Amino acid sequence: MAKKIQLKNGLKVLLVESHKSPVVSIQMWVRTGSADEGKKEEGISHFIEHLVFKGTDKYKVGEIASIVEGSGGELNAYTSFDQTVFYVTISKQFSDVGLDVISQMMGFPTFDKAEIDNEREVVIEEIKRGEDSPQRQISQMLFSSAYLKHPYSVPVIGYAKNIKTVSAKKIQDYFHSRYAPRNMFLVVAGDFKANEMKEKVKKYFEIFKDYKVKKVKRTKEPIQTKTRIKVKETVFQEALSYLAFKGPNVKHKDVTGLDVLTLIFGQGDSSRLVKALRIESPTVNSTGAFAYTPQDEGLVAVSSSLAPENIKEYFDKLKIEILKMIKEAPTNEELQKAISNIASEQVYSLESVDGLARKAGSLEFYLGDPDYYKKYLKELYALKPEDIQKLALKYFDPKKMTLVLMTKENVVSAKKIMQEFATSLAKEIKKLKAATNKRKTKVKKFNPHKLKFTFNLSGGSAKTEEILLKNGVKLFYREQKETPTCSLKMAFLGGIRIEPDNKAGLTELFSRVWPTGSKKFSEYEINEKVDALAAGISTFSGRNTVGMSVSGLAHTQEELLEIAGDLLIYPTWENEIIEREKQIQKNQILSQLDNPAQVCMKQYMAEIFRDHPYAKELLGSKESLEGIGPDDFKNYHKEILKSENLVITAVGDFDKKKLVEKLNQIVSMIPVGKRIAQKFNVKSLNKEVLSYTELKKEQSHIVVGYRGLPLGDKDRYALDVIQSILSGQGGRLFIELRDKNSLAYSVSPIRMEGIETGYFGGYIGCSPEKVDKSIEMLKTEFKKLTEIYVADEELLRAQRYLAGRNDIELQKKSSICNGILFDVVYGMEADEIFKASEKYFKVTKEDVKKVSQRIFNSPAVISIVGAQAPKI
C-alpha cells in the first residue's frame with residue numbers, strides 16, 4: 001500500500017515500504033514526454049534527460065554518477081512518448097545520497113553551454129546507432145505509419161537537426177515550463193519507515209521553486225478509415241513486420257480484456273500465434289502480440305521477424321489466426337492461463353524495489369492510483385471467453401489496420417502480398433457472423449494480495465546448505481520465503497568444449513531442442529502446462545556448460561519438477577523439431593550481419609582465442625548444422641549426464657522435504673560418472689593483432705582487448721575493481737571518451753573468464769571518422785592503470801559500487817541461484833557471492849596496478865567493423 005503526501009510546492013510523493021532487502025529505489029516521474037513537444041522541439045525531452053546529468057548547482061560534470069556509484073548505487077533515466085523518469089537504486093544507508101542527486105538533477109540543473117555542445121555529439125551518435133538497428137527502424141516505421149497527425153508519429157529521440165541547433169536558453173525555458181513540481185511526482189520504495197522518509201523528502205524537495213506549468217494540447221489523430229501499408233527496402237538480412245490495429249488509451253474499459261486477448265493470441269509458447277507460426281513450422285524466427293495502451297489512442301499489434309522468402313506464408317497463416325480469434329472464443333483453459341499469468345506478474349514484480357517503484361509509478365502516472373491493481377484484478381476475474389471474442393471482433397478492424405514491413409528483397413511482390421492479405425481479411429471479416437460461443441466459465445482466482453509474504457531481512461535460513469543427493473549429486477539449497485517464488489537451476493560441465501570440430505553449433509542447438517519433448521510429455525503438453533502455471537522451464541548453453549532453469553510460484557513446485565525431471569533424463573530428440581530449430585538457427589546466423597557489434601565481437605573472439613574452443617562461433621555455420629542429427633544429441637546428452645558432472649541449486653520458498661524427495665527420484669536415474677575435466681592449450685599472443693571487416697553502417701564498432709584471467713584466479717577481485725574503475729557513468733571510459741570527448745553513446749569495459757584463460761578490454765561504437773582516436777584513447781586509459789596508482793577516493797568509489805551492485809542483484813532469487821551455481825561448478829565456494837563485498841574492500845591500489853600490468857602489458861587484439869578501415 002502506497003502512502004501519498006503532497007509538498008507545499010505541489011510535488012506529490014508516493015512512499016512504498018518494503019522490508020525484503022536493505023535497498024531503496026528513488027524515482028522522479030515527470031508528466032512530460034516527446035509527445036508534448038512542439039514543432040522544432042522534437043527530441044528536446046530526451047536531450048534534457050541527458051543534460052541533467054551534466055552538472056547542477058551542487059555537482060560538476062561526472063560528480064553525480066561518481067557519488068551515486070561511490071555509494072554503491074545505480075542511476076539512469078529514460079524518455080518515452082508520455083513521460084520522462086529519473087531513478088536511483090541504492091543501499092538504504094545511502095538513501096540521502098539518492099534523494100540529494102535526484103533533487104539536484106530535477107531542481108537545479110545548470111545547462112552549461114559547453115556541456116550542451118559536448119552532449120549534442122553524444123545524442124547524434126545515439127541517433128546513428130538507431131539507424132543501424134533493425135528493431136529501432138521498424139518501430140519508428142510503425143508509429144510514423146499508424147499515426148499521421150498525433151505526435152506518437154515522431155521518434156522519441158527526435159531529429160539530429162534539432163539537437164544540433166537548440167539553444168541553451170530554449171532548453172532552460174522548456175525545462176522550467178514542464179519539469180515543475182506540479183507536473184512531477186516522486187516515488188520512494190524500499191526499506192525505510194514512512195514517517196522518517198517523509199521528513200527527508202521534505203528536506204530535499206520542498207526547496208523546489210513552484211514554476212508555472214505550460215499547458216500542452218496534443219494534436220488529435222484523425223479517425224483511421226482504411227488500411228495503411230508501407231514496405232521499405234533495407235540492407236538487413238531479416239525481414240521485420242508489424243501489424244497493428246488502433247486500440248484504446250490506458251483508461252478505457254477494454255484494456256483489461258485486451259491484455260488477456262493479446263496474451264492468448266501471442267505471448268508464450270502455448271499462445272496461438274507462436275504455435276502456428278513458430279512451433280508447428282518455422283515460418284517466423286519470432287513473433288508476439290501486445291496491447292500498447294498509452295495516454296492517448298494506442299495499438300493492438302503483432303510483431304514478427306522472418307526470412308524474406310517466408311513473407312507470403314507468414315501473411316497467409318496470420319490471416320487464419322486473426323479470423324480464428326474472431327470466430328472462436330478462447331477455451332476456458334486459455335482464459336485461465338492468461339488470467340493466472342497476469343495475476344502472477346504482481347508477485348514477480350515484488351522481487352525488487354525497482355519493480356515495486358516502477359509499478360506504483362506507472363499506475364499513479366496513468367490512472368492516478370498506485371494501488372489500482374486491486375481494481376484491475378476484479379475486472380480480470382469477471383472476464384468470460386465471449387468477452388474476449390467480442391473484443392477481437394471490435395478491434396481487429398481492417399479499416400483501422402496498419403501494416404509495415406522491412407525486407408531486403410522483392411519489395412514490390414511483398415507489397416502486393418500485403419495488399420492481398422488486407423483485402424482478403426476485410427472480406428472474410430465482413431461476412432463473419434460472430435457466433436458467440438457462450439459457455440460456463442469458472443475462473444480459478446489467484447489473488448496475490450492474499451499470498452503469504454514474510455519480509456524478513458535474514459532471507460529465510462540465511463545460509464546455503466549443501467545436501468548430498470543420490471549417486472553423489474550435490475544440491476545447494478537456500479531457503480528464502482520473503483516472496484512465494486522459487487528458482488532452481490541445474491548445470492553440467494560441457495558446452496562448446498565438448499563439441500566435435502565438425503559439429504559447430506551443436507551445443508546451442510542442443511539447448512534449443514532439449515526442452516521440446518520427453519518420455520512423458522510432448523512439446524505441446526510442456527508448453528501448455530508450464531504457461532498455465534505462469535512459470536518457466538528453459539535451457540541454457542555456453543562455452544563451458546549446459547543446463548536447465550526452473551522458476552515459478554511456490555505452489556507450482558511439484559508440477560514443474562515432474563516436467564523438468566523427465567526432460568532432464570528422457571529427452572526425445574524428434575527429427576522434425578531438430579530440423580525446425582536448425583532452420584531458425586541458420587536464419588539467426590545470417591541475421592548476425594544486422595548487428596555489427598556482434599560481428600565485431602565474433603571477430604575478436606576468433607583472434608583472442610585462436611585455436612582454443614572458445615574461438616568457435618556458438619551458433620555454428622549453415623554447413624556445420626547440416627551435419628547434425630538425432631544421434632549427435634543422444635551422444636552429447638550421454639556425455640554430460642553423469643552424477644559428478646551435475647550441480648543443482650535451489651533458492652526460494654520451497655517445501656524442502658518434497659524438493660529433496662523429488663530430486664532424489666530424478667538423480668537416481670543419472671549414471672554415476674566423473675566431471676568433464678579436459679584441458680586445452682592456449683597459444684600465446686606475441687604481437688598486436690588488428691582485424692577489420694567492412695560493413696556499410698552509420699557507426700563503426702571497436703573492441704580493444706587483452707588476454708584475461710582464468711575462472712577462480714586469485715586476482716579476480718582486483719580485476720572486478722579495475723572493471724568498476726572503468727565502467728559506469730562515473731567511470732573513466734564514460735567520462736574521458738563520452739563526457740569529455742563526445743566520441744560515442746556506448747562505451748564500456750568487456751570481460752570474460754574461462755577455464756584456461758579469458759579476456760578483458762573495452763568496446764565502443766562511434767562514427768567512422770572517430771575510430772582512430774577511440775582506439776588511442778581506450779589504450780591510453782588502460783595504460784594509465786599500469787603506470788599510475790589509482791587515487792584512494794576512486795578506489796573507494798569502485799569498491800562501494802561493486803558492493804552496492806552485489807546487494808542490488810541479491811534481491812532476486814534467480815541471481816542468487818545463478819551465482820551459487822556457477823561458483824560451485826567452477827570450483828569455488830557456494831557462499832562466494834555473499835562474501836564478495838568484503839573481498840572487494842581488501843583490494844589495494846597496489847593490487848590494481850599489479851593486475852593492470854598483468855593484463856594490459858600484453859599484446860592487444862583490436863577488432864573493427866564499420867564503413868572505413870582505420871588509419872593506424
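Strand 18 (residues 689-694) and strand 22 run parallel, with six bridges joining them. Keep in mind that this is a predicted model. Strand 22 (residues 861-866) also has another partner, strand 19 (residues 700-707), and that pairing is antiparallel, over five bridges.

- Six of the six residues of strand 22 are buried, so the strand is largely enclosed by the rest of the structure.
- Val-861, Ser-863 and Val-865 point one way from strand 22, while Ile-862, Ile-864 and Gly-866 point the other way. Whichever way they point, all of them are buried.
- For the antiparallel pairing with strand 19, look at Val-704, which stands opposite Ile-862 in strand 22.

**Gln-603, a buried polar side chain**
- You'll find Gln-603 in helix 21 (residues 596-609).
- Gln-603 has a relative accessibility of 14%, and because the cut-off for buried is under 20%, Gln-603 counts as buried.
- Leaving out residues up to four places away in sequence, Gln-603 touches Ser-691, Tyr-692 and Thr-693, plus Ser-863, Ile-864 and Val-865.
- With Thr-693 there is also a side-chain to side-chain polar contact of 2.4 Å.

**Where helix 25 crosses helix 28**
- The axes of helix 25 (residues 716-726) and helix 28 (residues 792-809) come within 9 Å and cross at roughly 105°. That makes helix 25 roughly perpendicular to helix 28.
- On the helix 25 side, the contact uses Asp-720, Val-721, Ser-724 and Ile-725. They meet Glu-794, Leu-795, Arg-797, Ala-798, Gln-799, Tyr-801 and Leu-802 in helix 28.
- By type, the residues of this contact split into six nonpolar, two polar and three charged.

- Ala-791 sits in the loop between helix 27 (771-787) and helix 28.
- Ala-791 is partly exposed, at a relative accessible area of 44%.
- Ala-791 and Lys-845 are 54 residues apart in sequence, yet their C-alpha atoms are 7.6 Å apart in space.

Technical notes: Residues are numbered from 1 along each chain as its sequence is written. This is a predicted model: local features need pLDDT of at least 70, side-chain atom pairs count only at pLDDT 80 or more; totals for chains, interfaces and linings use all residues. Side-chain values use heavy atoms; hydrogens and water are left out. Helices (H or I, at least four residues) and strands (E, at least two) are DSSP runs, numbered from the N terminus. Buried means under 20% relative accessible area, exposed over 50%, partly exposed in between (1.4 Å probe, protein chains only). A polar contact is a pair of N or O atoms within 3.5 Å; within protein, one must be able to donate a hydrogen and the other to accept it, and residues adjacent in sequence count only if both atoms are side-chain atoms. Contact means heavy atoms within 4.5 Å. Two strands pair if DSSP finds at least two bridges between them. Axes are lines fitted to C-alpha atoms, for helices over the stretch in contact, and angles run from 0 to 180 degrees between N-to-C directions. Angles under 35 degrees count as roughly parallel, over 145 as roughly antiparallel, 65 to 115 as roughly perpendicular and the rest as oblique. Ala, Val, Leu, Ile, Met, Phe, Trp, Tyr, Cys and Pro count as nonpolar, Asp, Glu, Lys and Arg as charged, and the others, Gly among them, as polar.
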